[in-house]
Amino acid sequence: MRRWLALDAFVRMTLRAAIASLALAALVLFVPSRPGMAEQPIIIKFSHVVSPDAPKGKAAILFKELAEKYTNGKVKVEVYPNSSLYKDKEELEALQLGSVQILAPSISKFGPLGVKEFDVFDLPFLMSDDARARQMFASPMIGEFNKKLETKGVKSLAYWDNGAHVYTANKPLIMPDDFKGMKMRIQGSKVLDAAARELGAIPQIMAFSELYQALQTGVVDGEDNVPSNIWTQRFYEVQKYLTVSYHGRLIYALITNKKFWDGLPEDVRQGLDRAVKESTDFFNETAAKDNADALDKIKASGKVEVHVLTPEERQAWIAKLMPVHTEMQSRFGKDFIDQVYKSAGFTPAL
Ligand code: LMR
C-alpha cells in the first residue's frame with residue numbers, strides 16, 4: 001500500500017513539472033516579445049568620488065544622457081557619485097574585476113594599478129600651465145601611457161583636465177618653510193609624497209571621502225586640490241587659509257574595463273564613443289569655469305584667507321621643489337622625463 005502511495009505522489013509531481021515547463025515554453029513562444037524584452041539594456045555602472053555638482057559629477061550625468069540617447073537605449077548608465085559605490089582605491093580594483101564599468105579617477109591614483117609612469121605628471125610645476133597640460137595630453141606620448149594601462153586590463157577613453165591645484169591649510173602657506181612639520185593629505189602618487197617631504201611636511205595618503213572629517217578633526221593640517229572640489233566638498237569650512245600656488249594639476253582619466261569595452265556590439269561602442277567625445281568637451285569647458293567661480297565663491301564666503309603667490313614667492317617654491325625632478329630620474333629614468341618635458345613644452349629650472 002505504502003509503495004503504491006509513493007509511486008502516486010511521484011507521478012503527480014512529474015506531471016506538475018511537465019505542465020509547468022510546457023506553460024513556460026508556451027509563454028516564450030506565444031506571448032509577443034515586447035521591444036527590449038529580450039534585449040535587456042547593457043548596464044554601465046559609473047562610479048566616482050566627487051559630488052554631483054562638481055565638474056566630474058556634471059559630466060558623468062551628461063555622459064549618461066548621451067550614452068543612453070546615442071545607443072537608443074541599448075545601454076543604461078547608473079552614476080554613483082560621492083564614493084557611494086566605491087572609494088578611491090576600491091574603485092580601481094572593482095574596474096579590473098568588472099564590477100564597475102566606467103570610472104574617472106585622478107591619474108595621481110594610478111600607482112596601485114602598477115602603472116607608476118602616471119606619477120610623472122605630479123612633478124612640481126610641470127603641469128601648472130593650462131596650455132602645457134593641453135599640449136601634453138594631446139601629444140603622441142599619451143598613447144604609450146594608454147598602452148601601459150591596457151596591460152592591466154584598463155582602457156583609457158579620454159582625459160579630463162580639472163585644472164591646477166591650490167593649497168588649503170589651517171595656517172598661511174606663503175613660503176616653502178611654512179610647510180615644515182605640517183601633516184598634508186596627498187593622493188597616492190610617489191611624486192606627491194616626495195614633494196611634500198621636500199617641503200618638510202608629513203605626507204598622508206587618504207581617500208577623498210575621508211578628507212573633510214580629517215581636516216575638521218585635525219588628523220591632517222592641510223591638502224591641495226582644485227577650487228571646485230574645495231567648494232563642493234565644503235573644505236573651506238574647515239580650513240582657514242588658501243594659497244593660489246598652481247604647483248600641480250588634477251587630471252582625470254575616463255577609463256573602462258578593456259574586456260567589457262572590446263566585448264560591446266559595434267553600434268553600441270560607436271554610440272558610447274560619441275558620448276565620450278561630447279562629455280569630454282563639456283567637461284573641459286565646465287571645469288575651467290567652475291574652478292574660477294569656486295575660487296570667487298570661497299573668497300566671498302569670508303571663511304578663508306586667500307593668498308595668491310607673488311612671482312618672488314613662486315620662484316622660491318620652484319627653487320625648493322625642483323630637486324624632486326632630479327630625485328625622480330632614478331624612478332622614471334632621465335630619458336623618459338626629458339620626453340615628458342618635450343611633450344609638455346616644459347623647461348625645468350634645474
Ligand atoms: C582627490 O582625491 O583630491 C581628487 O582626486 C578627487 C577627485 O576625483 O576630484
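**Entry 1: the second largest pocket**

I first noted the second largest pocket, which holds about 220 Å³ of space. The model in which I looked this up is a predicted one. I asked which residues lie nearest the centre of this pocket. Of the 15 residues that line the second largest pocket, these are D88, K89, P112, G188 and I205.

I then turned to the elements behind this lining. Helix α3 (88–97) and strand β6 (183–186) each supply at least two residues of the lining of the second largest pocket. The largest share comes from α3, with four residues. By class, I recorded six nonpolar, two polar and seven charged residues in the lining of the second largest pocket.

**Entry 2: the largest pocket**

I next looked up the largest pocket and found about 460 Å³ of space in it. Its lining comprises 21 residues, and D130, R134, D161, G163 and R249 are the closest to its centre.

Which elements each supply at least two residues of this lining? I listed α4 (130–137), β4 (154–164), β10 (249–257) and α10 (266–301). Helix α10 gives the largest share of the lining of the largest pocket, namely six residues. I sorted the lining of the largest pocket into 12 nonpolar, five polar and four charged residues.

**Entry 3: the cavities**

A probe the size of a water molecule, rolled over the atoms, shows where empty space is left. I asked how many cavities of 30 Å³ or more the structure holds.

The largest cavity has a volume of about 130 Å³. I counted 16 lining residues for the largest cavity, with Y167, L192, A195, D224 and H247 nearest its centre. Strand β6 and helix α6 (190–198) are the elements that give two or more residues to the lining of the largest cavity. That lining has 11 nonpolar, two polar and three charged residues.

For the second largest cavity I noted a volume of about 110 Å³. Its lining consists of 17 residues, and S106, K109, Q187, N229 and L250 lie nearest its centre. Helix α3, strand β8 (222–225) and strand β10 each supply at least two residues of the lining of the second largest cavity. I recorded six nonpolar, five polar and six charged residues in the lining of the second largest cavity.

**Entry 4: the ligand**

I asked which residues surround the ligand. They are V49, V50, K56, S106, K109, R185, Q187, F208, N225, N229, L250 and Y252. S106, K109, Q187, N229 and L250, recorded above as lying nearest the centre of the second largest cavity, are among the residues around the ligand.

- For R185, a polar side-chain atom lies 2.7 Å from an oxygen atom of the ligand.
- For N229, the distance from a polar side-chain atom to an oxygen atom of the ligand is 2.8 Å.
- For Y252, I found 2.5 Å between a polar side-chain atom and an oxygen atom of the ligand.

**Entry 5: the six-stranded sheet**

I traced an open sheet of six strands with mixed pairing, in the order β7-β6-β8-β5-β9-β11. Why is one side of β7 (202–205) and of β11 (305–308) left without a neighbour in the sheet? These strands stand at the edges and each has a single partner strand, so one side of each is left without a neighbour in the sheet. From one strand to the next, the twist averages 25°.

Strand β9 (residues 241–244) pairs with β11 in the parallel sense, over four bridges. V244 stands opposite V308 in β11.

**Entry 6: the five-stranded sheet**

I traced a further open sheet, in which five strands run in the order β2-β1-β3-β10-β4 and the pairing is mixed. Strands β2 (75–80) and β4 stand at the edges with a single partner strand each, so one side of each is left without a neighbour in the sheet.

Is the pairing of strand β3 (residues 102–103) with β10 parallel or antiparallel? I recorded the antiparallel sense, over two bridges. The bridge partner of I102 in β10 is T256. I also noted again that both β4 and β10 each supply at least two residues of the lining of the largest pocket.

How values were computed
Residues are numbered from 1 along each chain as its sequence is written. This is a predicted model: local features need pLDDT of at least 70, side-chain atom pairs count only at pLDDT 80 or more; totals for chains, interfaces and linings use all residues. Side-chain values use heavy atoms; hydrogens and water are left out. Two strands pair if DSSP finds at least two bridges between them. Axes are lines fitted to C-alpha atoms, for helices over the stretch in contact, and angles run from 0 to 180 degrees between N-to-C directions. On a 1 Å grid over the protein atoms alone, a cavity is a set of points where a 1.4 Å probe fits but cannot get out, and a pocket is an open set with protein on both sides within 12 Å along at least five of seven lines; lining residues have an atom within 4 Å of a point. Grid points are joined across faces, edges and corners, and a volume is the space filled by probe spheres set on the points. Ala, Val, Leu, Ile, Met, Phe, Trp, Tyr, Cys and Pro count as nonpolar, Asp, Glu, Lys and Arg as charged, and the others, Gly among them, as polar. A residue is near a molecule or strand if one of its heavy atoms lies within 4 Å of it. A polar contact is a pair of N or O atoms within 3.5 Å; within protein, one must be able to donate a hydrogen and the other to accept it, and residues adjacent in sequence count only if both atoms are side-chain atoms.
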